[in-house]
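Work through the exercises below with the sequence and the structure at hand. Try each task before reading its solution.

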Amino acid sequence: MFSKKLMTVLLSGSALTAAWIFRQPLTASLHWFSDPEAVTVSIRGYGLWGPAVLSMLFILQTFLAFIPGQGLMVASGYIYGFSGGILITWISLVLGGQMAFWLARRYGRPFAEKWISPEILNRWDKSAAGQGVPFYIVTLVMPFFPNDAMCYVAGLGNMTHRRFLVANTLGRGIASLLTVVVGAFSEKIPGLVWIAVIGFVFLGIFGWIAARRFANSQG
């Protein structure tokens with residue numbers, strides 16, 4: 001117990017110290033993330049290291065809410081094409097999700113609450129109680145669900161590592177496919193892109209309704 005408290009104090013102190021030291025670069029990064037063209041130019045500027053940088057950003061967005069995950073997914077397809085974008089996005093998101101799951105399972109709610117608000121954790125803890133792989137697949141795909149937060153919720157619950165890996169892999173794979181395709185074919189706008197866009201809109205509507213029902217049923 002003492003070691004967990006010590007780890008929590010050390011992590012909190014390190015995070016606050018780093019945030020203060022690098023406050024100017026962090027402020028600049030917020031503007032950078034809001035400009036898709038700047039993100040694309042910067043990632044391409046890293047050359048062969050671009051996929052590694054993009055992968056790191058995908059993993060970090062599981063912990064840092066201000067990093068726009070879906071924007072990065074579209075940029076991934078635009079920069080590296082459909083196959084390359086899917087590969088980078090899918091693997092990175094699965095890794096980030098598994099890390100969040102493992103850390104929440106290892107260090108408990110105090111750790112999770114440093115990245116996800118207690119209100120969201122409490123709300124979705126109740127909704128996820130007794131749910132299995134299909135539930136987590138849906139929450140990792142649908143817009144309006146707190147996708148990254150569900151990795152922490154799963155880690156705090158009773159789901160096994162193996163079952164969450166299945167849900168994480170399938171859910172992130174579907175989300176990557178629907179989003180990366182938009183960036184990969186944005187200049188050609190083939191029928192496939194329109195299908196993906198329309199499908200994502202319907203997913204958004206359904207996700208919004210489902211998220212409200214899940215939340216209200218546990219309110």
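**Exercise 1.** Leaving aside its neighbours within four places in sequence, which residues is Thr139 in contact with? Is Thr139 buried or exposed?

*Solution.* The model is a predicted one.
Step 1: Set aside the neighbours of Thr139 within four places in sequence; the contacts of Thr139 are then Phe145, Asn147 and Met150.
Step 2: Find the element. Thr139 belongs to helix α8.
Step 3: Compare the accessibility with the cut-off. Buried means under 20% relative accessible area; Thr139 has 0%, so Thr139 is buried.
Step 4: Look at the side chain. It reaches the backbone oxygen of Tyr136, with a distance of 3.0 Å.

**Exercise 2.** Describe how helices α8 and α9 are placed relative to each other, and state which residues of the two helices meet.

*Solution.* 
Step 1: Locate the helices. Helix α8 covers residues 133-141, and helix α9 covers residues 147-156.
Step 2: Take the axes. They come within 7 Å and cross at roughly 150°.
Step 3: Classify the angle. Angles over 145 degrees count as roughly antiparallel, and therefore α8 and α9 are roughly antiparallel to each other.
Step 4: The crossing of α8 past α9 is left-handed.
Step 5: List the residues. From α8 come Phe135, Tyr136, Thr139, Leu140 and Val141; they meet Asn147, Met150, Cys151, Val153 and Ala154 of α9.
Step 6: Sort the residues of this contact by type. Eight are nonpolar, two are polar and none is charged.

**Exercise 3.** Where is Ser76 placed, and which backbone oxygen lies 3.2 Å from a polar atom of its side chain?

*Solution.* 
Step 1: Find the element. Ser76 sits in helix α5, which spans residues 69-107.
Step 2: Judge the accessibility. The relative accessibility of Ser76 is 0%, so Ser76 counts as buried.
Step 3: Identify the oxygen. It is the backbone oxygen of Gly85.
Step 4: Ser76 touches Leu54, Phe58, Gly81, Gly85, Ile88 and Thr89.

**Exercise 4.** How many helices and how many strands does the chain have, and what share of its 219 residues counts as buried?

*Solution.* 
Step 1: Count the elements. There are 11 helices and zero strands.
Step 2: Read off the share. Of the 219 residues, 40% count as buried.
Step 3: Residues 24 or more positions apart account for 74% of them.

Conventions: Residues are numbered from 1 along each chain as its sequence is written. This is a predicted model: local features need pLDDT of at least 70, side-chain atom pairs count only at pLDDT 80 or more; totals for chains, interfaces and linings use all residues. Side-chain values use heavy atoms; hydrogens and water are left out. Helices (H or I, at least four residues) and strands (E, at least two) are DSSP runs, numbered from the N terminus. Buried means under 20% relative accessible area, exposed over 50%, partly exposed in between (1.4 Å probe, protein chains only). A polar contact is a pair of N or O atoms within 3.5 Å; within protein, one must be able to donate a hydrogen and the other to accept it, and residues adjacent in sequence count only if both atoms are side-chain atoms. Contact means heavy atoms within 4.5 Å. Axes are lines fitted to C-alpha atoms, for helices over the stretch in contact, and angles run from 0 to 180 degrees between N-to-C directions. Angles under 35 degrees count as roughly parallel, over 145 as roughly antiparallel, 65 to 115 as roughly perpendicular and the rest as oblique. A crossing is left-handed if the near helix is turned anticlockwise from the far one by less than a right angle, and right-handed if clockwise. Ala, Val, Leu, Ile, Met, Phe, Trp, Tyr, Cys and Pro count as nonpolar, Asp, Glu, Lys and Arg as charged, and the others, Gly among them, as polar.
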